[in-house]
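Here is a short note for a colleague who is new to this entry. Please look over the sequence and the model before reading the points.

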Amino acid sequence: FDALEAAGKLESLRKPVSIGDAVVSGLLAFLWFVGFLYLAVQWAGTDKVLSEIDNFGFSKSAAEAGIAFSFFSMVVWIVLVVLAIMKIRSGGSLSVEK
């Protein structure tokens with residue numbers, strides 16, 4: 001897409017593709033948010049004593065790692081939504097020109 005954009009052949013598709021990018025990024029950010037909430041609620045409901053005993057604490061650290069990964073993934077997708085919206089508002093290009 002970028003090669004054709006540089007040639008100037010896709011001017012008519014620039015805005016719909018940018019809107020699609022924003023919509024897909026927003027949907028994925030929402031899905032990661034739901035996953036983060038689900039994991040956090042499930043982890044909060046577990047028995048603290050059993051989670052520290054099982055597998056020498058590996059189950060606790062694995063749950064925390066999954067929650068952290070889903071949180072940071074959600075943040076990354078939100079940043080991508082913001083960048084896509086900025087691209088739509090600027091007319092379709094956020095490239096750095098010299």
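The points below go from the whole chain to a few aromatic residues and one serine.

1. Basis. This is a predicted model, in which local features need pLDDT of at least 70 and side-chain atom pairs count only at pLDDT 80 or more, while totals for chains, interfaces and linings use all residues. Residues are numbered from 1 along each chain as its sequence is written, and side-chain values use heavy atoms, with hydrogens and water left out.

2. Fold elements. The chain has four helices and zero strands, giving the pattern α-α-α-α along the sequence. Helices (H or I, at least four residues) and strands (E, at least two) are DSSP runs, numbered from the N terminus.

3. Burial and surface. Of 98 residues in the chain, 16% count as buried. Buried means under 20% relative accessible area, exposed means over 50%, and partly exposed lies in between (1.4 Å probe, protein chains only). The chain exposes about 7300 Å², and carbon and sulfur atoms supply 71% of that area. Areas come from the Shrake-Rupley method with a 1.4 Å probe; for residues, only the protein chains shown count as cover.

4. Contacts along the sequence. Taking contacts between residues at least 6 apart in sequence, 70% join residues at least 24 apart. A contact means heavy atoms within 4.5 Å.

5. Aromatic pairs. How many aromatic pairs does a search of the whole structure find? The search finds three. In one of them, W32 and F69 have ring centres 5.5 Å apart and planes at 80 degrees, so the pair is edge-to-face. Rings of Phe, Tyr and Trp (its six-membered ring) pair if their centres lie within 6.5 Å; planes under 30 degrees apart count as stacked, over 60 as edge-to-face and the rest as tilted. Because W32 sits in helix 2 (residues 14-44) and F69 in helix 4 (residues 58-89), the pair ties together parts that are 37 residues apart in sequence. W32 is partly exposed at 29% relative accessibility, whereas F69 is exposed at 52%.

6. F71 is partly exposed at 33% relative accessible area, and F72 is exposed at 53%. F36, F71 and F72 form one aromatic cluster.

7. Serine 70. Is S70 buried or exposed? S70, in helix 4, is buried, with a relative accessible area of 2%. Setting aside neighbours within four places in sequence, S70 is in contact with W32, F36 and L39.
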